[in-house]
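Please read the following note with the sequence and the model open beside you. The points begin with the contact between the chains and then turn to the inside of the protein.

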Amino acid sequence: MSIAAFTIYLSDYKLQIMKSFLAIIFLAIGLQTSSSAQIKKASLQAAGLTCAMCSRATMEALKTLPFVDKIDTDLNNTTFLLSFKPGANVNIDEIKAKVEDAGFSVGKLVLTASFDKVAVEKDAHIKYAGATFHFINAKNQVLSGDQQITVIDKDFVSAKQFKKFSTQTTMPCYQTGVMASCCKMEGHSAPERIYHVTI
Amino acid sequence: MPAFLHAQELYVSTEPASNMAANSFGFRVTNRFFKMEHEGVTGMRIEPELMWGISKKLMVHVVGLASNQMQPSLRFEGGSVYAKYRFLSNDDVQSHFRMAAYVKGSVINNPFVPVMREGAVKPYDNQELDLEGGASGFSGGIIATQLIHKLAVSATVGYNRFLNNTKDNLPDYLSDNAVNYSLSAGYLLLPRSYRSYDQTNLNIYVEFLGKANTDAVSRNQYLDVAPAIQLIFNSSTRLDFSYRTELFGDMSRNVFNTFTLRFEHNIFNISTKRK
């Protein structure tokens, strides 16, 4: 083998290493994206709706949310099935605000979110996709894959249900939806919004 | 199961306590035809109306009025502004209860007695005033709307103060003050089950509309009934038909029967800037 040929062989080898290295990086990025925590879908039952016109007004309001990709409606149950844009940050309070702007309220909100081995327990705070979830009455478990969690904060359930849930927890944070003395502040100086959920 | 869907509160003769969606816009054209007792002929009134949902709690209507009630040809009479504020809303999946307060102001250029035409069959005898073309003035009141299973029931109580019109003074023999009240019920007939927003809805209504003049100079009252049918196309466009007639009363009126035809179209999300 001549020296020149050896050099070519070497550079070719380098290129191959480079290629596989890049492939690994891209694969890692890809994996990162697909396994990153995200709220993918939500099933929202609106309360107080009386007519198709009202339901349409609600749907049109929900459509203006920047993170909403697609909305399917189940008119008979006044339920909106929201699909969120991949990678978008879902703001749960904004969903509620849109329904209220249309003149109605949230009767039930079930989120479908992907988890990657997240351990939960009763009254645990879980940082998830930019939001903090407080699991009420949850059994000790490790969440993996797509899970459905129901938001039970005030104005996300009927007034009657909120009263019922209020009797089940003495924590003042449930009444306000923000961190209170009952919560570990986890280094936060100011009270932060927490969504109370059940699973 | 979803019985709440079947109740309807898009009343024709009154407003429900519920508001239109925030950031939405609507327009209406209401045409009223009524037999005028003094002449025995049919008069008409055209009311173009703009509606705006300012926030989830506040909405306004601006109405223009034109009619041939006071003279042989159609003429612009003035207009009114209506604002409604929803101050209570209790929603449940199968029911809701809402309460709202409203105010209305009206500026009218009309004589209180019409120009008598050739061949008037009766003398003009009318003690009824309204803010829909009859007199300038203002009103305010409370609306409560309740959904009970398949029925949406709404009640209104209001106070009206009539003032001089822009060119004519309010005659002494008419009551300056009146109380209005109403009870309305609505029911959705079709579709039996919802599949899409494109389905045409058919709603029926019955409304009871009362008014009482309270001044000693002309203390009298009436109660009208106004059945209505309504078609809703594309979940955004409305066509209403209503017939209003007196059930009983002792108020002298020049109009006892009114046929109403109304077209309404709604546009949602007029601005998407707001988040």
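Predicted model: local features only at pLDDT ≥ 70, side-chain atom pairs only at ≥ 80, totals over all residues.

1. On the side of chain A that touches chain B, the elements of chain A that give two or more residues are strand 1 (38–47), helix 2 (52–63), helix 3 (92–101) and strand 4 (105–120). Helix 2 of chain A gives the most to this side, with eight residues. Sorted by class, the side of chain A that touches chain B holds 13 nonpolar, 13 polar and six charged residues.

2. The extent of the interface can be stated in two ways, by residues and by area. Chain A brings 32 residues to the contact and chain B brings 37 residues, while the two chains bury about 3000 Å² between them, of which 57% lies on carbon and sulfur atoms.

3. Is N31(B) buried or exposed? Because buried means under 20% relative accessible area, N31(B), at 17% relative accessibility, counts as buried. This residue is found in strand 1 of chain B, which covers residues 25–36, and, if residues up to four places away in sequence are not counted, N31(B) touches M44(B), R45(B), I46(B), F259(B), T260(B) and L261(B).

4. In soluble globular proteins, nonpolar side chains tend to be buried together. The largest nonpolar core of this model has 61 residues, and those with the most contacts inside it are F80(A) and F133(A). Leaving aside neighbours within four places in sequence, the residues in contact with F133(A) include I39(A), I92(A), L111(A), H125(A), Y195(A) and V197(A).

5. Lastly, chain A as a whole deserves a look. Its secondary structure comes to five helices and eight strands, which follow the pattern α-β-α-β-β-α-β-β-β-β-α-α-β when chain A is read along the sequence. Of the 199 residues in chain A, 46% are buried, and among the contacts in chain A with a separation of 6 or more, 62% are accounted for by residues 24 or more positions apart.

Definitions and conventions
Residues numbered from 1 in each chain as written. Chains lettered and ligands numbered in written order. Heavy atoms only, no water. Contact = heavy atoms within 4.5 Å. Buried area = accessible area lost by both parts, 1.4 Å probe. Helix = DSSP H or I, 4+ residues; strand = E, 2+ residues; numbered from the N terminus. Nonpolar A, V, L, I, M, F, W, Y, C, P; charged D, E, K, R; others polar. Buried < 20%, exposed > 50% of the residue type's maximum accessible area, 1.4 Å probe, protein only. Core = buried A, V, L, I, M, F, W, Y, C linked by side-chain atoms within 4.5 Å.
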